[in-house]
Amino acid sequence: MNDRHRIDSEKMSLHPSRVAAWLEARDDWEKAKNIFPLYVEVSPVGYCNHACTFCGVDYMLARPEKPQLSQEVMTRTLTGMHEAGVRSVMFAGAGEPLLYKPLADTLRHADSIGLDASITTNAVLLTDSFAKQTLGLERLRWIKVSLNAGDRDTYAAIHKTKPEDFDKVLENLERAVRVREQVGGHVTIGAQMVALPEASGRTRRSLLQEHHPANVHTAIKLAETLRDMGLDYLVIKPYSQHLISEWTRMYDGVQYRDEEAWLAALEAVSTDSFKVVVRRQTMASLATEERGYTKCQATPYVWAYLEADGEVWGCSTYLGREEKGVTYGDDRFRYGNVNAESFHAIWQGDRRRENWRYVMHDLDVTECRKNCRMHHVNKYLHEVASPGPHVNFI
């Protein structure tokens, strides 16, 4: 089984007590307000050292300020989350988390309070010092590197950076694998490529020249490199269009209908210790309008998003910003700010209550982002809430 971490699936079914509480509370705010998310994505900083062509939050790069959470607010908020029942946090978001100088201290704090943590990063700043401080932590469960090409030139074109960064990332990953062994850590170290196929009837050269680079021709080389280096997995995921991203719309509408040959070749690179995880279910869902559910059941219950400016959002699909009096995104999914209130108070507050009502009664999921983070969770929860007539014949 390549996908032993259930990357292309849901894990909600592994939390039956939370599912039971959700099922009981769905129409009752007094119960619903006490259901805190299992998982929170945290964006420590709101800026990045790359400007990837597929970036789902490209609108952040237009912000003149460089927001980041203070270490005091971060520590207090993580403690409050954990006390409320949050089980895990992923440091990623609208910026590069390794640009956050207190990140190692933050991970140590999460470890000390029993909060599972992970990092999604481009790994340019995955230094020897950071690795030695963090890779032995029990609660640092995984590091996933956004590595979207298997050669220097394609990498530079997609990440919009210098080719030398590709070499640096590979060096950093190779060292991290060694450090993990030295410190006796159990953290999973993997990578992820957003599959960007070549456009029909156009050559790779023309795509690169027109700043619409493809990368699928480098995927097998990348998989082989990471396998030989000692990483645990490589995820191949489809592109998903964010609702308010602009420059990424050159990829909007990409499909994965005729990719079986190279996907099978990729999976063949897998070994007992290294897996290529192709997100086939997620790719297939792009080709159909049928989502498998009519309501979002996950929001505002099982996850949340904490921005670098302190804003707590119920769904990353509707993230946005305010610029010159114009609001981008959907402010109805913004619940409050941890610089002014506790996470607990925000989660039980009026703005979340109003969003709870809106999502339950008025949100049209056909207008949501396809393949959103909670897609597989929503399919599962829909089945739990609406079982068929033969459900008792187990």
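Where is the place of Ala-123? Ala-123 sits in the loop between strand S3 (116–121) and helix H5 (128–134), where helices (H or I, at least four residues) and strands (E, at least two) are DSSP runs numbered from the N terminus. Its phi is near 70 degrees, a positive value in a residue other than glycine, and with 0% relative accessibility Ala-123 counts as buried, a term for under 20% relative accessible area, with exposed meaning over 50% and partly exposed in between (1.4 Å probe, protein chains only).

The model is a predicted one, in which local features need pLDDT of at least 70 and side-chain atom pairs count only at pLDDT 80 or more, while totals for chains, interfaces and linings use all residues. Residues are numbered from 1 along each chain as its sequence is written, and side-chain values use heavy atoms, with hydrogens and water left out.

The protein chain as a whole comes to 14 helices and 12 strands, and 55% of its 394 residues are buried. Among its contacts (heavy atoms within 4.5 Å) between residues at least 6 apart in sequence, 76% join residues at least 24 apart.

Two further backbone features also lie in loops. Lys-160, in the loop between helix H6 (152–159) and H7, has a positive phi of about 50 degrees although it is not a glycine, and at 47% relative accessibility Lys-160 counts as partly exposed. In the loop between helix H11 (280–285) and strand S8 (303–306) lies Pro-300, which is joined to Thr-299 by a cis peptide bond with omega of about 0 degrees.

Helix H9 (residues 219–229) has as its buried residues Ala-219, Leu-222, Ala-223, Leu-226 and Met-229. These residues lie on the same side of H9 because they cover an arc of only 130 degrees around the axis, the arc being that of the directions from the helix axis to the C-beta atoms. They pack against helix H7 (164–183), strand S5 (188–195), strand S6 (233–238), helix H10 (260–267) and strand S7 (275–278). Just after H9 comes Gly-230, with a positive phi of about 105 degrees.

Asn-337 belongs to strand S12 (residues 334–337) and counts as buried because its relative accessibility is 16%. Leaving aside residues up to four places away in sequence, Asn-337 touches Asp-309, Gly-310, Glu-311 and Ile-346. With Glu-311 there is a polar contact between the two side chains at 3.3 Å; such a contact is a pair of N or O atoms within 3.5 Å, of which, within protein, one must be able to donate a hydrogen and the other to accept it, and residues adjacent in sequence count only if both atoms are side-chain atoms.

The structure also holds 2 cavities of 30 Å³ or more, a cavity being a set of points, on a 1 Å grid over the protein atoms alone, where a 1.4 Å probe fits but cannot get out, with lining residues having an atom within 4 Å of a point. The largest cavity contains about 110 Å³ of space, and of its 15 lining residues Cys-296, Cys-315, Cys-368, Cys-372 and Asn-378 lie nearest its centre. Its lining divides into 11 nonpolar, 3 polar and 1 charged, where Ala, Val, Leu, Ile, Met, Phe, Trp, Tyr, Cys and Pro count as nonpolar, Asp, Glu, Lys and Arg as charged, and the others, Gly among them, as polar. The second largest cavity is lined by Ser-285, Thr-288, Glu-290, Arg-291, Lys-370, Asn-371 and His-375, which divide into no nonpolar, 4 polar and 3 charged.

Methods. 1 Å grid on protein atoms, 1.4 Å probe; cavity = no way out; pocket = protein on both sides within 12 Å on 5 of 7 lines; lining within 4 Å. Points joined across faces, edges and corners; volume = space filled by probe spheres on them.
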